[in-house]
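This report describes the fold of a single model for a reader meeting it for the first time.

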Amino acid sequence: MSKSDGKKRIVVKVGTSTLTHSTGKTNIARMAKLASVLSDLKNEGHEIVLVSSGAIAVGAVKLGFARRPVSTKELQASAAIGQCELMFLYDKFFSEYGVTVSQLLFTAETLEHPEQKNHLLDTFNQLLEYDALPIVNENDSVYVEELLNGDNDCLSATVAELIDADLLILLTDTDGLYDSNPSQNPNAKLISTVDKIDEKIFEIAGDAGEKGTGGFATKVKAAMIATNAGIPVIVMNGEKPTSIYKALQGESVGTYFSAKGE
């Protein structure tokens, strides 16, 4: 899409911690609000792709686990069950605004094969041409690397690069990247803009939360992938999805990672 007309192709990634309560159960109100905001952005003319984590957490609750499973087999089974529940909820919430959703599950290996990669790109473009909203997740039932180590941060950056997005937004449970750990240092300051991702930025990236697997290190890695491809990245708190409006209006929200050459 043309960047000059204000319409953008936007990839939004939402993490497990944003989609669930501290109990591990689905945060229905937040999912509903996210669907409302993204539907409204589509009504403005933007093309939206949602990369959603949360399948394992949702599946684990349905299976009756008291905490996140540990073994790979349990994680894979939880992902398979939770993915159904997630898509049911997304379909329900988005349909209230007349938005058709689609599910795309694939592995990182898909993007390593030119023919498969081209087929995937064709699918994305066709879905967006149909005015559908693609919802993406790693195929955790058959591919375990992201399941164990990633929480979809790098997947979202790779998707953004694949479809030539104008912006990547990572919704998480913190306000952005701080110069030190805010849970340990009350004087920690939010870094509003990162123009260059270097070793220092990786050093101050935080650890993973309890329910997800990403943490801030993978978000910085994802930001590096996207910004090197010329795509700016905003990492922001997903507690209030309406803050996405402010970010798109140019207000300082979260941490903005400048695109290479920007």
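Strand β1 (residues 9–14) and strand β5 run parallel and are joined by 5 bridges; strands here are DSSP runs of E with at least two residues, helices are runs of H or I with at least four, and both are numbered from the N terminus. The model is a predicted one, in which local features need pLDDT of at least 70 and side-chain atom pairs count only at pLDDT 80 or more, while totals for chains, interfaces and linings use all residues. Residues are numbered from 1 along each chain as its sequence is written, and side-chain values use heavy atoms, with hydrogens and water left out.

**The sheet**

Within β5, isoleucine 169 is the bridge partner of valine 12. β5 also pairs in the parallel sense with strand β7 (residues 233–237), over 5 bridges, and there leucine 168 stands opposite valine 233. Strand β5 (residues 167–172) is mostly covered, with 6 of its 6 residues buried; buried means under 20% relative accessible area, exposed over 50%, and partly exposed in between, using a 1.4 Å probe and protein chains only. Leu167, Ile169 and Leu171 point one way from β5, whereas Leu168, Leu170 and Thr172 point the other way. In a regular strand, side chains alternate between the two faces of the sheet.

The whole open sheet has 8 strands in the order β3-β4-β2-β1-β5-β7-β8-β6, with mixed pairing; two strands pair if DSSP finds at least two bridges between them. β3 and β6 (193–194) stand at the edges with a single partner strand each, so one side of each lacks a neighbour in the sheet. β6 pairs with strand β8 (residues 255–257) in the parallel sense over 2 bridges, and threonine 193 stands opposite tyrosine 256 there.

Valine 101 belongs to strand β3 (residues 101–106). Valine 101 counts as buried because its relative accessibility is 15%. Leaving aside neighbours within four places in sequence, valine 101 is in contact (heavy atoms within 4.5 Å) with Met87, Tyr90, Asp91, Phe94, Leu133 and Ile135.

**Helices and charged residues**

The protein chain has 10 helices and 8 strands, and buried residues make up 51% of its 262 residues. Helix α4 (residues 72–95) reaches 34 Å from first to last C-alpha, close to the 34 Å expected at 1.5 Å a residue. The buried residues of α4 include Leu75, Leu86, Met87, Tyr90 and Phe94.

The structure holds 5 salt bridges, a salt bridge being a side-chain nitrogen of Lys or Arg within 4 Å of a carboxyl oxygen of Asp or Glu. Three of them are listed below.

| Pair | N to O distance |
|---|---|
| Aspartate 153 and lysine 13 | 2.9 Å |
| Lysine 42 and aspartate 131 | 2.9 Å |
| Glutamate 85 and lysine 62 | 3.4 Å |

Aspartate 153 and lysine 13 are both buried, and Lys13, Asp153 and Lys219 are linked in a network of salt bridges. Lysine 42 is buried, with a relative accessible area of 10%, whereas aspartate 131 is partly exposed at 47% relative accessibility. Glutamate 85 is partly exposed at 23%, and lysine 62 is exposed at 53%.

Arginine 30, in helix α2 (residues 28–43), is buried yet has no salt bridge. The nearest side chain of opposite charge, glutamate 239, is 4.6 Å away; Lys and Arg count as positive and Asp and Glu as negative, while His and the chain ends are not counted.

Note on methods
Expected span 1.5 Å × (residues − 1).
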